[in-house]
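Trainee: I have a new structure to read. Where do we begin?

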Amino acid sequence: MDLAQLLDRSGLDVLEHLERQVAVPVLDGLQAQGDLIVIPHALVARTVELRTNAWWQTVPHGGVELVRGVDGRNPHTLVADPDTCQWSPSIRDPLNLGIALFENSAPAYLIHPEHGGSGVAPGRWLVRRQQERGVTLAVNRLLIAD
């Protein structure tokens with residue numbers, strides 16, 4: 001699928017300078033899009049899990065906004081074909097960087113106005129925020145928000 005097709009299907013848009021005819025890659029492994037990191041859940045399953053009262057929600061046609069930039073713009077939106085992806089923000093992550101878990105049976109996509117689109121192969125995935133860490137204490141960490 002190319003970016004133009006993905007945008008048509010989702011109803012979202014990206015900045016004008018991005019090439020609409022570029023193929024959107026679908027990756028089956030660790031990946032990043034701006035300040036989000038997408039991790040195969042199997043890599044962190046021993047430490048990151050759903051809370052006991054967690055619920056799954058179907059990703060709607062317009063997608064799910066996972067995070068927005070500090071200035072309120074530039075959302076990272078998870079989109080998928082109907083009935084192929086569910087997500088839950090109710091997770092326990094010891095690093096406190098986790099945003100959500102999602103599980104998809106067909107490719108799901110992250111769309112960002114500045115970064116375009118990236119595809120995620122079927123599986124179960126953890127979405128985390130990116131952080132920068134100072135050289136001294138973990139409390140010096142800085143969350144990245146593009």
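Predicted model: local features only at pLDDT ≥ 70, side-chain atom pairs only at ≥ 80, totals over all residues.

Trainee: In which sense do β7 and β11 pair?

Mentor: Strands of a sheet pair through backbone hydrogen bonds, either parallel or antiparallel. Here β7 and β11 are antiparallel, over 4 bridges. Strands (E, at least two residues) and helices (H or I, at least four) are DSSP runs, numbered from the N terminus. Two strands pair if DSSP finds at least two bridges between them.

Trainee: What is the order of the 5 strands in the open sheet?

Mentor: The order is β1-β12-β11-β7-β6, with mixed pairing. The edge strands, β1 (26-27) and β6, each pair on one side only.

Trainee: Which residues of α1 are buried?

Mentor: An α-helix has 3.6 residues a turn, so residues three or four places apart point the same way. In α1, the buried residues are L3, L6, L7 and S10. Buried means under 20% relative accessible area, exposed over 50%, partly exposed in between (1.4 Å probe, protein chains only). They lie on the same side of α1 because they cover an arc of only 95° around the axis. The arc is that of the directions from the helix axis to the C-beta atoms.

Trainee: What do the buried residues of α1 pack against?

Mentor: They pack against β7, β11 and β12, where contact means heavy atoms within 4.5 Å.

Terms used. Residues numbered from 1 in each chain as written. Heavy atoms only, no water.
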